[in-house]
Amino acid sequence: MARQPMLKFVKVARDMPEKRVAEERREDFDEIYRQFADEKAAEQAGRCSQCGVPYCQSHCPLHNNIPDWLKLTAEGRLREAYEISQATNTFPEICGRICPQDRLCEGNCVIEQSGHGTVTIGAVEKYITDTAWEEDWIIPISPEVERPESVGIIGGGPGGLAAADALRRQGIQVTVYDRYDRAGGLLIYGIPGFKLEKHVVTRRNEQLEKGGVTFKLNCDVGTDITFQEIRETHDAVLIATGVYKSRDLGGPGAGLPGIVKAIDYLTASNRKSFDDEVPEYDDGTLNAEGKRVVVIGGGDTAMDCVRTAIRQDAKSVTCLYRRDRANMPGSQREVANAEEEGVNFAWLTAPKGFTGEESVSGVMVSRMRLGAPDASGRQKPEEIPGADYVEQADLVIKALGFEPEDLPVVWKEDDLEVTRWGTVKAHFQSHATNLDGVYAAGDIVRGASLVVWAIRDGREAAESIVSYLNNRSTAIAAE
Ligand code: FAD
Ligand code: SF4
Ligand code: SF4
């Protein structure tokens, strides 16, 4: 009888791949977790209890077939595990690295509810696809039949790239337009290497290119080419432009030099990891070295800024957040990583202005307490009168979230319907906008969200676009 490799959660404790010690990881931008050894991955996958109703799967936005690929991994059948994993996820090794698993799949793993640590789903997902890359199982797309129709995708982030992949697999001609010089969106210029090393993204871009996807980079739609030209060139269009307008702060001294936006700061740092010329980094504007750094915000972007500043050899790094630890939007895992690396968190604090003459020298901070819940049910932070102080700072990084650009204005396309928040209005399932043949996916529809949701949207939008093109061909043939 075959050995039963599953249900080991009672005997085997949850264990993540080895995490590099904080002193070592402060010195570079490499990922902080090492790869699972083969036996360890199989052992950890074997902790799964193979639930009849797998809540992990229903709470994964891609509905990944998690129990099946865990079982195959436990049995050492990695190629089959990879085939199942990639069937529902375009970039499993990326999600395995950066999904907030504690809020998604792992946060709903039943063995945790029975008092055992959750299955390390994300780490196993990463292990399976990293192995697939090592073994050359991931090959460029080669469609059985080439179709004449073409689709223009505006934005080469995870949403746009997931759609590009799915459309090319159907033989459709795909052009991705992106205003940056590299594809990948926030995977390249937002998320730092210590969470997601750059080669993990660029090898995907190269593979898509080899599979026939055309990239038109350094091409800002609205400036270098009009939206209308893209519509005329292609049979269908996908808008996947993400959200890039940074929320700002007012108050005295808000315009002082030394106060910068998180996206500019992170982009500069990520560019340096490609050895690009970055004058604003070299002249110190976007470089934390030797400085007292204050980051304002409590989300993932703020966590990425504080940890980047540590690696740039800042003198000190403090994060100001107006609620407490339990109520912050960022992943608890990332806060713990930041604390280990030496970041100081000032919970229940809010900025009300800045000090300094020529450049910023401090942040005027109010101490807060949590009051009655607001309409959303979250306790509202209130200022504690007379408890203000100044947090000394040479560099202040604003990480307060992002909003969409005003696309109908920027693209001179008044007819494109947007919501009152400025996100593009698209059907929740088909992703169709109000313009014929125009679809939208990812953050530009959801507002700032997650990579895994952008991938899901991109895949679903591609499916709708294929149906749209098929219906159109049928209608033309019937004429
Ligand atoms: P994006 O990734 O933003 O890509 C949009 C692309 O469109 C960009 O390449 C941009 O250059 C291009 N573009 C925009 N306008 C134009 C135009 N007019 N013409 C041509 N091209 C254009 N999510 C997670 O799941 N886990 C994380 O750990 C995580 N960390 C994050 C850290 C940071 C600092 C940030 C900012 C976000 C993080 N996110 C994380 C969120 C995640 O990155 C986004 O939800 C995801 O990238 C959205 O994908 P997208 O394809 O919709 O847009
Ligand atoms: Fe979990 Fe994300 Fe993988 Fe889904 S895609 S299984 S949520 S890590
Ligand atoms: Fe396995 Fe946990 Fe998913 Fe159940 S919920 S199938 S134990 S990973």
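How many residue pairs are in polar contact across the interface of domain 2 and domain 3? The rule finds eight, with both residues at pLDDT 80 or more. A polar contact is a pair of N or O atoms within 3.5 Å; within protein, one must be able to donate a hydrogen and the other to accept it, and residues adjacent in sequence count only if both atoms are side-chain atoms.

The model is predicted: local features need pLDDT of at least 70, side-chain atom pairs count only at pLDDT 80 or more, and totals for chains, interfaces and linings use all residues. Residues are numbered from 1 along each chain as its sequence is written, ligands are numbered from 1 in the order in which they are written, and side-chain values use heavy atoms, without hydrogens and water.

The domain assignment gives domain 1 (8–134), domain 2 (150–243 + 404–478) and domain 3 (246–402). Between domain 2 and domain 3 there are three salt bridges. Arg271 forms a salt bridge with Asp181 (a side-chain nitrogen of Lys or Arg within 4 Å of a carboxyl oxygen of Asp or Glu). Their closest N and O atoms are 3.1 Å apart.

Ligand 2 has 13 residues around it (a heavy atom within 4 Å). Cys60, Asn64, Cys99, Cys105 and Glu125 come nearest. Around ligand 3 stand Cys48, Ser49, Cys51, Pro54, Cys56, Pro67, Leu70, Cys109, Val110, Ile111, Val119 and Ile121. Helix 4 (66–74) and helix 7 (110–113) each supply at least two residues of this shell. Helices here are DSSP runs (H or I, at least four residues), numbered from the N terminus.

Definitions and conventions:
Domain bounds come from an automatic or database domain assignment.
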